[in-house]
Amino acid sequence: MTVVNTIRVNGVDHEIPANWQAKRLLDYLRTELKLVGVKEGCGEGDCGACTVLVDGEPMCSCLLLSGVVGGREVTTIEGLPREYLDKFSSACETHGGVQCGFCTGGVAVMSSWMKNGGTETGVEPVSKLLEGNICRCGGYQQLTNAIADIN
Amino acid sequence: MLDMTPPKISTIADRSTGRARYTSDLVPAGTTLVGIARSPHAHANVLSIDTSKAMALPGVLDVLTPEDFSGVALGHHIADEPILTDRVRYVGEGVAAVAAVDEAAMIAGIAALDIEYEVLPHAIRVDDALALDRPIHDNFPDNVARRFAAEPGDWDAEVKRVTHWAEGTFETAAVPHAYLEPRACLVRVDGNELELVSGTHAPSMLADQYNKIAAVWGATVEVTTPDMGGSFGAKWEHPTHLVCLSFAHRLQRDVAMVLPRRDDMIAGRTRIAMRIFMRIGATADGELVAKQTKVWADNGAYSLHGPSVLLAASVRVDNLYKFSAVKAEGQLIYTNNIPSECFRGFGIPQSAFAQEQLVDELARKLDLDPVEMRRRNAVGEGDTSVHGWEVTSCGLEDCLDMVRDRIQSHRNDSGLVSDGRFKIGYGLAAVIHCVSNSGHDEATDISNIIISVDPDGTICVASGEVELGAGTAEVLQRTVERELDIKRGQFRFVLGHTSTGPFGRGSFASRTSFFMAHAAIAGCKIFSENCSKLVDDLGLETNASIAEIAKLAAQKGHAESLKATAQFIPENVVAADDHGYGNIASAYTFAVHGACVKVDTLTGKTMIQQYWAAHDTGTVVNYQGAVGQVIGGVIQGIGMALSETTAVAENGQLLNPGYLDDRVPTFPGMPNVDVHFAATFDKNGPMGAKTIGEPPVIPVVGCIANAIYDAVEERQYTLPMTPEQVWNSLNTKVQ
């Protein structure tokens with residue numbers, strides 16, 4: 001079996017060092033690549049703060065080993081298109097979608113996937129698609145409105 | 001010398017695009033990591049700790065044990081919480097700490113510690129603690145940390161007028177704060193200078209406490225608060241801060257500790273679980289006359305803010321209605337549970353759960369509309385409440401009208417009706433809350449502001465208060481923009497930074513915006529006057545802008561003469577006496593909530609169909625922020641009402657230390673929350689504003705319980721009102 005140990009993160013190829021292969025993708029992104037917009041809220045796949053796109057699909061980076069994503073393309077909040085982030089940010093501003101902000105990066109990544117036609121039917125309710133993202137400040141209504149407002 | 005540049009205060013844009021920096025984001029790779037060896041026992045003496053094997057491991061740099069913190073304890077009222085303990089009082093309490101070069105070495109170091117325990121009998125329920133034949137703290141032989149009693153009014157005379165009583169015994173749960181950012185701290189060191197970087201409610205108060213302790217080591221401590229991923233009442237002084245400060249000083253290395261979620265919850269804090277007996281007496285025509293309350297509060301292993309929360313839970317909700325006599329008593333009882341702590345609402349949601357249900361029950365008994373019942377009995381502008389609160393503005397009537405009208409429209413228009421299995425119900429609840437609580441700590445309930453000019457001419461506004469994510473920074477910006485007529489970008493500001501900012505009491509008791517804005521307005525006034533005085537010397541026109549004046553003053557070396565410092569200390573406010581009597585706040589705020597629920601009688605599940613929240617918060621300074629606070633409070637209240645609790649095994653172990661099993665609200669199933677603000681103006685408030693932080697969470701549990709009663713005609717006495725709980729209430733009736 002060939003082990004593919006390169007990944008493309010936010011458009012840049014990286015070789016995953018041997019000592020990172022069996023460590024969490026979350027830690028590799030945060031520590032090695034300094035992409036600290038990816039947050040650890042629970043480390044158990046429950047809160048969604050560490051959500052990244054792997055080959056375009058949203059995944060919890062706390063549940064993936066770095067070695068497992070070899071050969072794949074990873075997008076973190078830092079790698080979302082500037083134009084999209086501006087829209088998301090301005091919708092959050094308008095609708096009060098941000099309080100402490102710790103969950104917001106994960107929600108931004110999810111929403112970009114939704115807006116890119118990533119979902120199965122394209123008509124699933126936002127609340128269903130975001131059931132894996134916890135906002136303890138309770139901003140669900142505002143985030144839902146903000147996301148609906150992004151075109 | 002440590003670089004004490006304050007962190008940039010993040011904007012909404014920073015926080016929504018991954019650019020905000022929280023404590024764990026600031027830890028450089030390779031920083032020495034600290035971990036804690038936790039007790040597996042709920043109550044035990046630590047007989048010995050052998051550190052030799054751990055110290056011999058490669059990568060382990062240092063180990064701390066209880067001896068290193070001998071005589072040091074934390075506590076707001078009762079200094080009872082050790083830093084590392086030789087007498088364990090809950091499962092997960094820290095016994096020893098390891099500093100190591102990386103995570104693997106740190107974990108190996110903890111595993112290599114040889115700790116010998118002598119297990120003691122423990123108690124995880126307040127009844128068991130009261131009956132425990134040995135004290136959890138030796139100087140509290142009956143396991144009661146604090147007793148409280150109040151009896152304003154002539155009880156014996158007043159109860160003679162009572163014709164109808166409603167009463168019940170209510171149980172509330174130990175809900176974890178479950179903020180999304182787990183506890184983290186980074187300590188930077190240079191010689192005897194220490195900087196603690198950590199999200200907290202009260203950087204000035206932490207620095208004050210920690211400096212007293214660090215003085216013994218010959219060190220000084222400054223506290224820096226970066227972006228903070230939620231707290232809701234949990235992040236104050238904590239033993240892990242002192243462990244990290246000590247390691248950093250001993251090793252002369254920067255150290256960091258970022259707790260995993262599980263550890264954060266095991267060794268965290270929770271809302272104070274309470275049993276509340278309450279009865280309320282009314283006359284036949286609906287006057288609320290007398291109220292009796294007995295509170296048994298589960299303090300957990302250590303007291304923290306427990307004594308103040310006990311007082312608040314015992315009497316604060318009484319102030320909403322014009323009771324003629326009140327009898328309240330409370331006990332704060334040590335158990336071997338996780339130390340319980342203040343949590344948004346400060347014990348008041350617990351007692352509002354009881355009171356608002358009993359008022360609802362009396363209205364039904366007397367065949368009165370619940371809105372009219374509250375209108376008739378509530379305090380209003382100019383009133384002094386039964387515990388001495390002087391109400392300077394009151395929008396309760398407006399709030400009642402708004403919720404009543406919307407419930408009525410919803411009844412007419414929503415098309416929701418009960419059928420055989422699914423029952424529809426409407427409920428409402430009201431609240432009064434104080435803006436700060438000078439009774440808690442009169443001497444330090446102040447807020448300071450410093451306005452200065454940087455060498456490049458930028459105006460710098462430094463407040464001692466802190467941004468928890470609730471919108472403090474936005475309120476400060478808008479206040480300064482308004483008062484100095486300057487724009488964003490023409491000034492910078494500093495919050496929660498003890499080395500360059502002034503003292504502030506911190507974020508608690510819904511005080512931050514009120515105190516900070518008052519201080520800022522006073523500071524801006526002085527700064528403007530200083531600017532006017534300098535206009536001639538600078539050769540500027542009299543209508544020169546503040547920004548122009550500051551810029552030129554900096555260039556010509558006059559920056560220092562512009563500097564303004566101001567302080568806000570509330571007037572006409574007193575510390576409550578031992579019985580909780582006194583006008584403890586500059587202003588009081590009101591709210592009325594309403595809910596429509598659908599209860600599935602087959603499963604007991606409650607589904608909230610629509611929620612209304614009407615708040616009297618005085619002038620709304622930051623509308624978007626205020627709406628966010630209201631909706632967020634409601635959502636947290638829904639978690640407390642329907643799903644959140646700590647499950648504790650008989651041996652004291654927490655069984656649900658994570659989001660999978662502690663059911664915090666998530667996106668699906670959350671109702672639309674319709675938010676309204678009453679048009680009030682408080683003469684004591686900055687720009688007429690009062691407060692918004694805590695009130696939104698307080699009425700939710702009572703409101704939903706009343707709606708459930710309306711749907712299924714069963715009172716709910718236990719939180720959370722899970723499907724099992726509600727189903728049991730429907731199916732275990734005495735035949």
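1. Let's start with the contact between the two domains of chain B: 20 residues of domain 1 touch 14 residues of domain 2, where contact means C-beta atoms, placed from the backbone, within 7 Å. Strand E20 (422–434) and helix H17 (623–642) of chain B each supply at least two residues of the domain 1 side. Its largest share, 3 residues, comes from H17(B). That side divides into 8 nonpolar, 10 polar and 2 charged residues (Ala, Val, Leu, Ile, Met, Phe, Trp, Tyr, Cys and Pro count as nonpolar, Asp, Glu, Lys and Arg as charged, and the others, Gly among them, as polar).

2. A word on the source: this is a predicted model, where local features need pLDDT of at least 70, side-chain atom pairs count only at pLDDT 80 or more, and totals for chains, interfaces and linings use all residues. Residues are numbered from 1 along each chain as its sequence is written, while chains are lettered from A and ligands numbered from 1 in the order in which they are written.

3. Now for chain A, which has an open sheet of 5 strands in the order E2-E1-E5-E3-E4, with mixed pairing. Strands (E, at least two residues) and helices (H or I, at least four) are DSSP runs, numbered from the N terminus, and two strands pair if DSSP finds at least two bridges between them. Strands E2 (12–15) and E4 (57–60) of chain A each have a single partner strand, so one side of each is left without a neighbour in the sheet.

4. Look inside that sheet: E3 (residues 51–54) and E5 (residues 73–75) of chain A pair in the antiparallel sense over 2 bridges. Leu53(A) stands opposite Thr75(A) in E5(A).
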